[in-house]
Amino acid sequence: MITRLSSSLESFKTLEFGPGLNVLLADKSEGATDLQTRNGAGKTSFVDTVHFLTGGKAGTESIFRSDALIDASFEIRLDVGDDEVTVERSGASPSKIYLNGPVEDWPIPPKFKEDRGDFEISNTNWCHTLGAKWFGLEAPPDTDSKFQPTFRSLFAYFARRQSSGAFQHPTQQAAKQQIWDQQVAISYLLGMDWHLSQEFQGLREKEKLVSSLGKAAWSGELGPHFGRASDLRTKVVVAARRAEQIREQIDAFQVIPEYRALETEASEITRSINALGEENFVDRQLIIELQAALSEEEAPATDDLEKLYAEAGVVLPETLTRRLDEVQAFHRTIIENRASHLNAELTSAEARIEDREARKTKLDERRRQIMGVLQSGGALEQYTSLREELGRAEAEVETLRQRLETAEMLESTKAELDTDRARLTQALRDDIHERSDTINQAILTFEELSESLYEQAGSLTIDAGSAGPKFEVKIDNQRSKGITNMQIFCFDMMLIELCTKRGTSPGFLIHDSHLFDGVDERQVAKALQLGAERAASLGFQYIVTMNSDAIPSDGFRRGFDIFDYVLKTRITDAVDDGGLFGVRF
């Protein structure tokens with residue numbers, strides 16, 4: 001229970017609270033226009049101040065870090081377990097909490113500050129302490145455990161904040177609250193096995209990872225390298241064989257120091273052999289021409305000339321006949337000499353060809369020797385290149401093997417996740433069955449509360465879904481904003497009642513005036529009256545902030561006066577000093 005809220009800020013309106021229903025009213029100041037609202041009067045800021053003093057975040061955007069409030073300290077007196085303590089915190093030192101009261105048996109004992117005469121605890125440990133004292137959480141929590149209930153998440157259901165979007169759905173205390181946090185928190189508050197919700201979130205995280213890997217495997221640059229495990233297995237076999245072949249080449253490789261010289265000599269021999277072949281071709285053509293010339297060489301004939309002179313009746317003189325014989329002999333001599341010369345040229349050409357063929361044979365033999373050496377080994381650079389190629393091949397094999405493992409993991413993990421989901425869903429069904437008494441109590445409490453507000457009772461449904469526990473709240477005409485807000489009212493009231501009975505609650509429930517926006521005044525009256533009755537009968541505190549002109553004039557039972565529960569301190573919409581803080585910021 002909260003008994004007092006105050007501040008070192010002189011203009012702050014100190015608030016005193018009692019047990020049961022407490023109504024903080026915001027009045028319209030004298031002379032205020034119809035356009036002037038009370039949205040800045042401090043009703044919502046009151047809820048923010050309670051959160052600030054119970055370990056809420058105080059980042060640079062916090063009102064308590066503003067220029068108007070940063071130097072002020074704020075205090076709240078409330079029950080922590082069976083003891084009443086005073087809590088102080090300031091925007092200037094938001095990480096420090098100062099305490100007065102019995103704190104010796106706390107799970108995380110505060111340190112006594114002699115210079116102040118009170119105790120100091122870090123804001124983090126303050127949250128852990130409240131979690132242990134109010135909700136029975138482990139303090140300090142197990143840092144190795146993810147997705148577990150936290151004090152701040154649980155407490156937000158008992159002091160919803162308009163600024164965080166807490167009035168959108170009964171099971172959601174903040175607009176950005178994740179589904180796992182809702183499941184874990186509500187399961188814990190209802191007395192169900194919250195570890196199942198924790199495991200469901202762990203399963204979702206694994207599925208998200210598998211899904212991300214799967215998308216990467218089938219799209220973008222990674223696509224060609226991933227795929228089905230069977231395809232990758234084939235690639236691994238082929239790549240491994242290629243690496244083995246390169247390794248075998250390296251094992252049989254001989255490094256030849258004179259490799260470059262031998263390679264050059266082989267090239268020179270090839271060029272020499274080609275040149276000799278060209279020269280042989282020329283000589284063979286010459287031989288053909290010489291042989292043709294030899295066959296055409298003959299002495300000039302004289303018989304025709306002698307016959308011509310005889311027919312002409314001319315008798316050749318003896319001297320002329322002798323000279324003709326001499327000419328013929330001369331011509332025979334020339335022909336013989338020319339034939340001898342051609343034969344000599346022919347013999348020389350044939351000899352040159354024979355010599356070149358012999359040289360070609362020797363050169364070719366040497367070239368075969370060199371090529372045999374070169375084929376049996378290579379230069380050091382070639383050996384190094386082979387080693388580098390082997391490294392690349394082995395790296396490719398290893399990469400493919402890793403991708404194969406990933407593909408096999410993806411395929412096997414999907415099957416395992418399906419099995420785990422089925423197991424968890426069945427375990428959740430079993431838990432709901434085993435805790436039927438607790439769950440039935442929650443269902444009946446919600447039904448009673450909703451029936452007190454509407455002719456037809458609403459319903460709370462708790463079911464085991466494939467994604468975790470499903471909490472569904474229904475009241476007729478739920479499309480209406482006012483009906484949705486009344487769902488939240490009944491849900492929160494059900495939680496505070498069940499938790500109070502189990503002794504695991506902060507001892508109070510706070511509802512901001514925004515909860516009643518759009519709600520028929522008769523339902524507002526019933527809700528306030530119902531809150532007062534339940535709080536009184538079960539011993540918890542119900543704090544409501546409202547505008548004075550929003551107080552219902554109809555719907556209260558006879559003898560119930562709402563103003564009996566209104567706090568003595570009231571706030572207004574006055575611009576200068578009417579709000580809770582007495583200053584504007």
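Why does Phe 508 count as buried? Phe 508 has 0% relative accessibility, and buried means under 20% relative accessible area, with exposed over 50% and partly exposed in between (1.4 Å probe, protein chains only). The views below come from a predicted model, in which local features need pLDDT of at least 70, side-chain atom pairs count only at pLDDT 80 or more, and totals for chains, interfaces and linings use all residues. Residues are numbered from 1 along each chain as its sequence is written, and side-chain values use heavy atoms, with hydrogens and water left out.

**View 1. Trp 134 and Phe 508 form an aromatic pair.** Rings of Phe, Tyr and Trp (its six-membered ring) pair if their centres lie within 6.5 Å; planes under 30 degrees apart count as stacked, over 60 as edge-to-face and the rest as tilted. The count by this rule is 21 aromatic pairs. The rings of Trp 134 and Phe 508 are edge-to-face, 5.7 Å centre to centre with 90° between the planes. Trp 134 belongs to helix α2 (residues 123-135) and Phe 508 to strand β11 (residues 508-511), 374 residues apart. Helices (H or I, at least four residues) and strands (E, at least two) are DSSP runs, numbered from the N terminus. Trp 134 counts as buried at 2% relative accessibility.

**View 2. Phe 135 and Phe 158 form a tilted pair.** Their ring centres are 5.7 Å apart and their planes stand at 40°. Phe 135 is in helix α2, whereas Phe 158 is in the loop between α3 (151-155) and α4 (179-190), 23 residues apart. Both Phe 135 and Phe 158 are buried. One aromatic cluster holds Trp 134, Phe 135, Phe 151, Phe 155, Phe 158 and Phe 508.

**View 3. Helix α11 covers residues 436-453.** Its 18 residues reach 26 Å from first C-alpha to last, close to the 26 Å expected at 1.5 Å a residue; the expected span is 1.5 Å times one less than the number of residues. Buried residues in α11 include Ile 439, Ala 442, Phe 446 and Leu 453. Seen down the axis of α11, the buried residues fall within an arc of 125°, so they line one face of the helix. The arc is that of the directions from the helix axis to the C-beta atoms.

**View 4. Strands β9 (residues 459-465) and β10 (residues 468-474) run antiparallel.** Seven bridges join β9 to β10; two strands pair if DSSP finds at least two bridges between them. The hairpin from β9 to β10 passes through two residues. Ile 462 stands opposite Phe 471 in β10.
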